[in-house]
Each structure stands twice: as structure tokens, then as C-alpha cells.
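Please have the sequence and the structure open side by side. The text below walks from one site to the next.

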Amino acid sequence: MPNDVSISAHPGWIDVARGEVSREVFVSDEIYRLELARIFERSWVFLGHETELPSAGDYVARMLGSAPVILARDAAGTVRAFLNSCRHRGTKLCRADAGNVRHFVCPYHGWSYELDGRLVTTTFDRHVPEGTDFSGLGLIPVPRVETYKGLVFGSWNADIVALPQYLGDFRWYLDAFFARTPGGMEVLAPPHRWRAKANWKFGALNFIGDSQHVLTTHVGPTTLDPLRAAQAGLFTPGKDSLQLITDEGHGCTLTYLNEGLPQRTYETTHDAALEALYERTLAPGQRNLLRRLRVMVGNVFPNFSFIESTVGDRQRAIIIRFWQPTGGTEMEIVSWVLAEREASAAYKARVLQYGPRMFGTAGVFEQDDLELWASAAAASSNSVAQRLPYGFQTGLRYLDKPVTDYPGPGRAFRPADCEVVQFEFMRHWERVMRSNV
Ligand code: FES
Ligand SMILES: [Fe+2]
């Protein structure tokens, strides 16, 4: 794979004793290129949800590392992924974000491919020497594509472990989130997509465990809403809230309800049929996990995040978020809204209305985050600031002290609003960056 610039030129990025991470990790274009080679071309990376491709010929255009890919359902119903580049002169085959085709036809000279990637015709076949073997001229397949509970991941690394092994213990949480009914989740609309001038790891860190920013970054929305302001406890993690991380580098923050406040996630769908399905599908431990939960926000290494949140009595947002790196201080963000497949049309409409209202380009809660991440990039890129590390000191005292009374998988830590899991994410990131497998 390209871009594997030398890692040996870089000494350690993380000072564990001081709880610090080198600032260049969040701004350097060279480290971004190292990440493409050493993380994004070697890991399982999220490509899409299988419900985005209900029919044969459906496709979506996505990124896998630095490469554009087509994720498509072929005539036999198999979900496949290919490099989105013609074998002739390399032109992008699928230029729209999504569509349905019978063949992939190149817009340049018309080479045409089956949905399973085989070359059908060059359109000038009559000039091709007799006996030319077309079978070697098909689209370049992504060597590994696997689905877990509707989530489709791909990897350029043909030798990577199977997806369930990569997800490891964190599957228990993904099951509780993406498979709490027999049908699992459904993407309700095409994703929103936008760009931000910030490093992708700000997104991953924010979702895996940044409870500290909520009261300050989002103070505006809280003061705009008198009801919510009166319930300021909503923005403080309730008793038992915690954060956790697994050996594979996946983690989440579980924020429980503050005593005495009426909001719930799992218990206030106001859809009895759906709640009955939860009871049938979830294991008792997962039901307990969800019962008092107000926000579940997490990240699968490297850049697949998700959040489920409730603020009002009937308002829920279930969001998948993807942080696509495009430079040391640039990324593209993709955001999907989901609901349970078995949910009523009215319920789905409510979720679809509420999700983007809460998070994303028009969300009450996200442009404020993005403005601050971009501001961190802008203020950190100069030669003076780059010499100074970022601080994760509020996680240090908890580093080797996971809680012992938490029954779920992973190493869990309290309080929820320290930086221990963010720091552990960065330590995992460095181990992966320096690994040679
Ligand atoms: S580049 Fe695709 S047919 Fe020429
Ligand atoms: Fe935020």
C-alpha cells in the first residue's frame, strides 16, 4: 500500500507519567499519511449499513482509508466493495453518492462492469487482440468485507482477523445498540455529509469519552431552553455513570439518569410493541444497561462512532457518525439516523425529525463542537504551539484503577467525566501506529 512513510523518524508521542500527548499527532499531515498506511489500510473500517442497499444494483460511494470505494449489492444479493476507479484510465465509476444500476459503466470510454465486478465490455472489444483474458480486468475488490448486525465494514488488509474478533467484547454493547429487536436497525434516510477543519481524532475522542466538554461547549443551548436550564442536572452524569474501553480499543461512555429527573432512553419509546421486542431480544445484563441510561456514546476503533441520546420525554436520536480523515487538520463527517426496523412509521418519522435537530449540520449540539475542534487545529498548527503537548491529566489517577463492581465487558472507569478512556484510546492508537502487523 502507498503512503507508508517511515515511523522510525518519530519518537514516542505519549508521556504516560505526565498524561500528555504530542500536539503534532493532531495537526501533522505527515502523521495523517502514516495513519492512512498504518491504521486505515490495516484495520476494519465502517463502510455503511446493509439497509442502505435493499435491492440488487443499489450502491453507495464511500471512502476506505484514502481510497474511494463502491459498496454495492450484486444480483445474487451479496454486498461487495470495489475500488471506485476504472481499470482503463482510472476514472471514478460511480460519481453520485448513491444510486441503482444494472452495470457500472465508466463515463470516460464506456468500459462496463457487472455488479460483481467482472468486466463485460471495453466498448472497443473489436480492437482487443483475440484471446485477451478479460477476467483479470475486473474492478479491484476490497479484499475483506464483512457485516456485523447490519454494520458493513471493509478492510484493505486481506490477512486481518475476522470482524467479530476485531470487535471483540465490544459486540455486547453493539448488540444492545444495533440489535435490540430481531430485525435490528434501519437507516432512515441518506446520510448527511460535511467537512470540518479539524483532526478526525477529535471526533473519536469526543464520542468515546469527553463528558467534560458538555457543560461548557453546550452551555448556549442549555440557557436557550428554560425547561432544560431548570433541569441542569441533565448535563451532569448521574450516579453510576461510567466510561469503558476494551482490549481492542473500542469504548463508550454510559451516562445514567440523574435521580429525580423524568427522562429515560430505553423506557420511554412510547411504543409498547417495540419495548416488548426489547424485552424478548436483549439479555438481562443488556436490559439493565439500558434501563436507566440517558446517553450512550461510543467509538469503534478507529473512526466509527455512535450516539443514542434523549433529552425530552419523547425525543430520541440514534446516530451513526463516521470521521473520515482528509488531512492533518481536515476531515469529512458522515452522519446517519437510524431506528428499529419494526418501529411504526410515526415513530420513525419522529426519530428522523429529532435526530438531525439534535446533532449534525443543523443540530442544536454539534456545530458548537466543530467550531471548537477547528479552533484547536488553527491555534495548534503554528511552530510555537506544536512544541507543547495536549493534556489528559484528569485521567491519570484512574489509569490503573478500573472499577470492580461493573458486570459488563471492558475495563470500566469512574467518574465518567475524567479523561482516562480518551487517554487509553490514544495509547491504543500509538500501539497500532507502531505495530508492524
Ligand atoms: S477510463 Fe474508464 S473507460 Fe476509459
Ligand atoms: Fe458535544
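His 218 is buried, at 4% relative accessibility. Buried means under 20% relative accessible area, exposed means over 50%, and partly exposed lies in between, with a 1.4 Å probe and protein chains only. Asp 369 is buried too, at 5%. This is a predicted model: local features need pLDDT of at least 70, side-chain atom pairs count only at pLDDT 80 or more, and totals for chains, interfaces and linings use all residues. Residues are numbered from 1 along each chain as its sequence is written, chains are lettered from A and ligands numbered from 1 in the order in which they are written, and side-chain values use heavy atoms, with hydrogens and water left out.

His 218 sits in the loop between helix H5 (213-217) and helix H6 (219-224), while Asp 369 belongs to helix H11 (residues 367-380), so the pair ties together parts 151 residues apart in sequence. Helices (H or I, at least four residues) and strands (E, at least two) are DSSP runs, numbered from the N terminus.

Next, helix H8 (residues 272-281). Leu 274, Leu 277 and Tyr 278 are buried there. Seen down the axis of H8, the buried residues fall within an arc of 105 degrees, so they line one face of the helix. The arc is that of the directions from the helix axis to the C-beta atoms. An α-helix has 3.6 residues a turn, so residues three or four places apart point the same way. On the other side of H8, Ala 272, Ala 273 and Arg 280 are exposed. The buried residues of H8 pack against helix H9 (284-291), strand E19 (316-327), strand E20 (330-340) and helix H10 (345-358). Contact means heavy atoms within 4.5 Å.

Now the sheets. One is open, with four strands in the order E6-E5-E4-E7 and antiparallel pairing. Strand E6 (79-83) and strand E7 (98-100) stand at its edges, each with a single partner strand, so one side of each has no neighbour in the sheet. Two strands pair if DSSP finds at least two bridges between them. Strand E5 (residues 67-73) and E6 pair over five bridges. Among the facing residues, Ala 72 stands opposite Arg 80, and Ile 70 has Phe 82 as its bridge partner. The hairpin of E5 and E6 has five residues between the strands, and Gly 77 takes a positive phi near 95 degrees there.

Another open sheet holds three strands in the order E3-E12-E11, again with antiparallel pairing. Strand E3 (45-49) and strand E11 (144-148) are its edge strands, each pairing on one side only. E3 and strand E12 (residues 151-155) pair over four bridges. Phe 46 has Phe 153 in E12 as its bridge partner.
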